[in-house]
Amino acid sequence: MIKQTLLGLAVIIAPVLAFAHSKSEATTPANGATVTEVPELSMRFDDPMRIISVTLTSSDRDVEIERETGMDPATEFRALPLEELTPGSYRFDWRGMASDGHPMQGSFSFTVTE
């Protein structure tokens with residue numbers, strides 16, 4: 001009886017644990033992409049995410065960006081670079097809070113060419 005009860009609990013809890021945290025589903029530009037221009041930076045999540053901080057860095061400096069998405073939880077985050085990105089490698093780092101309260105972080109990189 002105890003064995004069946006534990007197995008039943010495992011079956012009920014497993015899907016909840018598997019889907020507990022939001023995941024980044026897509027970014028713009030795509031991670032690892034080579035592009036000629038970057039009109040916007042965006043991330044799409046499978047569950048609402050409160051993005052707390054973001055940074056865009058090139059090989060030698062931080063690049064200023066302006067958030068279009070506020071601090072409210074959302075499934076899509078958007079930001080605009082405040083200057084045209086010159087050719088080079090860039091990394092976008094973010095920190096956020098998933099809808100279940102779990103702190104999350106991630107990054108994606110891309111290259112701009114002429």
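In this predicted model, pLDDT denotes the predictor's confidence in each residue, on a scale from 0 to 100, and a contact denotes heavy atoms within 4.5 Å. Over residues 9-18, pLDDT stays under 50, and for this stretch the model has zero contacts beyond four places in sequence. The stretch falls in helix α1, which spans residues 2-18 and has the lowest confidence in the protein, at a mean of 50, whereas the highest value, 98, is found in strand β2, formed by residues 33-35. Averaged over the protein, pLDDT is 86, and 82% of the residues score at least 70.

The secondary structure comprises one helix and eight strands, arranged along the sequence in the pattern α-β-β-β-β-β-β-β-β. Among contacts in the protein with a separation of 6 or more, 58% are accounted for by residues 24 or more positions apart. Of the 114 residues, 28% are buried, and the protein exposes about 7400 Å², of which carbon and sulfur atoms supply 55%.

Strand β7 (residues 88-98) pairs with strand β3 (residues 41-58) in an antiparallel arrangement joined by nine bridges, and Met49 stands opposite Ala98 of β7. Strand β7 also runs antiparallel to strand β8 (residues 103-112), to which 10 bridges join it; here Phe92 stands opposite Phe108 of β8. The two strands β7 and β8 form a hairpin with four residues between them, and within the turn Gly101 adopts a positive phi of about 90°.

Strand β1, which covers residues 24-28, contains Thr27. With a relative accessible area of 18%, Thr27 is classed as buried because this value lies under the 20% limit. A polar atom of the Thr27 side chain lies 3.3 Å from the backbone nitrogen of Asn31, a separation within the 3.5 Å limit applied to pairs of N or O atoms in a polar contact. When neighbours within four places in sequence are left aside, Thr27 is in contact with Ser42, Met43 and Phe108.

Note on methods. Residues are numbered from 1 along each chain as its sequence is written. This is a predicted model: local features need pLDDT of at least 70, side-chain atom pairs count only at pLDDT 80 or more; totals for chains, interfaces and linings use all residues. Side-chain values use heavy atoms; hydrogens and water are left out. Buried means under 20% relative accessible area, exposed over 50%, partly exposed in between (1.4 Å probe, protein chains only). Accessible areas come from the Shrake-Rupley method with a 1.4 Å probe; for residues, only the protein chains shown count as cover. A polar contact is a pair of N or O atoms within 3.5 Å; within protein, one must be able to donate a hydrogen and the other to accept it, and residues adjacent in sequence count only if both atoms are side-chain atoms. Two strands pair if DSSP finds at least two bridges between them.
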